[in-house]
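I opened this model to look up its cores, salt bridges and pockets. My entries are below.

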Amino acid sequence: MANDSNKPTLTEVQINAVAELYASGKLDEAIAEIKSLNKDYPNVPLLFNILGACYQAKGLLTDSAQMFETATKIKPDYAEAHFNLGVVLKASGKTEEAIECYKKAIYLVPNYPAAHNNLGNIYKDLNQLDDAVKSYETAIAIKPDYAEVHHNLSLIKAYTYDDTHIQKLESLLSDEDIDTKNKVYLNFSLANIYEDLGDVEKQIKFLNEACALKKEASHYTFDISSKLLTSITSLFQDSTLDKNSLLEPISSRPIFVLGMPRSGTSLVEQIISSHEQVNGLGELKILSQCISLVVNNNSPDAPLSDEMFAFIRNNYLNYIS
């Protein structure tokens with residue numbers, strides 16, 4: 001049997017260097033460094049996990065999924081890689097596969113609050129509300145101060161005034177050490193609950209507090225939106241699309257209802273979706289997410305390529321399917 005004692009070992013310094021490149025947003029440099037390291041260390045699951053995260057941040061979901069899957073094949077008990085694969089599959093519209101990944105991560109690490117939360121989110125999207133509530137409550141039992149999950153739960157649970165969840169939220173909100181982001185989640189949660197209970201005065205109280213905190217933390221300026229919209233307009237106006245280079249025709253056709261907020265777009269959607277051949281999907285975020293990924297990872301001076309258009313199209317269609 002060959003002796004492997006002379007095989008090189010990946011050092012903590014090398015791992016930290018790659019992780020720092022990823023964390024600082026230097027994705028292309030991180031990808032190049034990992035591919036270089038893979039020549040000497042071809043079977044290190046952590047490298048494939050970080051590589052998958054890099055591709056995910058660039059919006060290359062297919063490549064990202066392949067890397068996370070490779071990490072799980074090398075190390076089948078790698079719960080984080082199963083979780084990350086679930087995130088990418090969910091974003092790609094592969095809901096059932098994502099569920100299996102989250103369940104695998106939970107099987108490996110039962111006290112994995114983020115996996116329980118994400119599983120709950122899928123159940124909520126599928127309108128399996130009892131399962132969603134169970135997943136959220138499990139996540140909260142593991143991590144009682146998980147404010148985001150408290151908010152998710154408040155959106156779907158039916159409440160009574162003596163529900164212990166209300167007391168938990170108010171107790172968390174009174175903690176002086178809680179940060180602004182979590183305060184926003186908790187205030188919105190209580191606003192949702194009191195709306196459900198029909199207590200308008202308390203609903204408005206917590207809603208106003210949540211909005212004030214969120215506005216303060218966002219540091220929003222009109223200039224930010226102006227630059228973003230100018231960038232999007234420039235990219236799409238300057239791009240020439242070769243339709244023949246795109247994918248196969250689709251059997252179903254999306255109908256987009258466009259309009260300003262509170263202008264009646266929801267009513268228009270309801271009228272159109274009353275037709276037997278139309279399904280209404282509500283206000284989806286997937287299109288804006290795909291476009292944001294493309295805009296953030298594309299040079300403002302370069303037109304969008306056919307591949308970028310195909311990326312947006314594929315991810316949108318996979319999600320709605």
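**Ground rules**

I am working on a predicted model, where local features need pLDDT of at least 70, side-chain atom pairs count only at pLDDT 80 or more, and totals for chains, interfaces and linings use all residues. Numbering starts from 1 along each chain as its sequence is written, and side-chain values use heavy atoms, with hydrogens and water left out.

**Cores**

I looked up nonpolar cores (buried Ala, Val, Leu, Ile, Met, Phe, Trp, Tyr and Cys residues joined through side-chain atoms within 4.5 Å). For burial I used relative accessible area: buried is under 20%, exposed over 50%, partly exposed in between, with a 1.4 Å probe and protein chains only. The largest core holds 54 residues. Phe83 and Tyr112 have the most contacts inside it. I then listed the contacts of Tyr112 (heavy atoms within 4.5 Å). Leaving out residues up to four places away in sequence, Tyr112 touches Ala79, Glu80, Phe83, Ala105 and Ile142. A second, separate core has 20 residues, among them Leu21, Leu37, Leu51 and Met67.

**Ser135**

I placed Ser135 in helix H8, residues 129–142. Helices here are DSSP runs (H or I, at least four residues), numbered from the N terminus. Is Ser135 buried or exposed? Ser135 is buried, at 7% relative accessible area. Its contacts, again without residues up to four places away in sequence, are His116, Leu119, Gly120 and Tyr123. I also checked Ser135 against Ala19: the two are 116 residues apart in sequence and 31 Å apart in space, C-alpha to C-alpha.

**Salt bridges**

My criterion was a side-chain nitrogen of Lys or Arg within 4 Å of a carboxyl oxygen of Asp or Glu. The structure holds seven such bridges. One joins Asp77 to Lys75, with the closest N and O atoms 3.2 Å apart. Asp77 is partly exposed at 45%, and Lys75 is partly exposed at 34%.

Which residues are linked in a network of salt bridges? I found Glu137, Lys157 and Asp163 linked in this way. Glu137 pairs with Lys157 at 3.7 Å between the closest N and O atoms. Glu137 lies in H8 and Lys157 in the loop between helix H9 (147–156) and helix H10 (164–173), so the pair ties together parts that are 20 residues apart in sequence. Asp163 meets Lys157 at 3.2 Å, N to O. Both Asp163 and Lys157 are buried, whereas Glu137 is partly exposed at 36%.

**Pockets**

I took a pocket as an open set of points on a 1 Å grid over the protein atoms alone, where a 1.4 Å probe fits, with protein on both sides within 12 Å along at least five of seven lines; lining residues have an atom within 4 Å of a point. Volume is the space filled by probe spheres set on the points.

The largest pocket has about 1800 Å³ of space. Of its 39 lining residues, Ile255, Phe256, Val257, Leu287 and Tyr316 lie nearest its centre. Helices H14 (265–273), H15 (286–296) and H16 (306–320) each give two or more residues to that lining. H16 gives the largest share, six residues.

The second largest pocket has a volume of about 1100 Å³. Its lining has 31 residues, and Lys90, Asp125, Lys285, Gln289 and Tyr319 lie nearest the centre. Helices H5 (79–91), H7 (113–125), H9, H15 and H16 each give two or more residues to this lining. H7 gives the most, with five residues.
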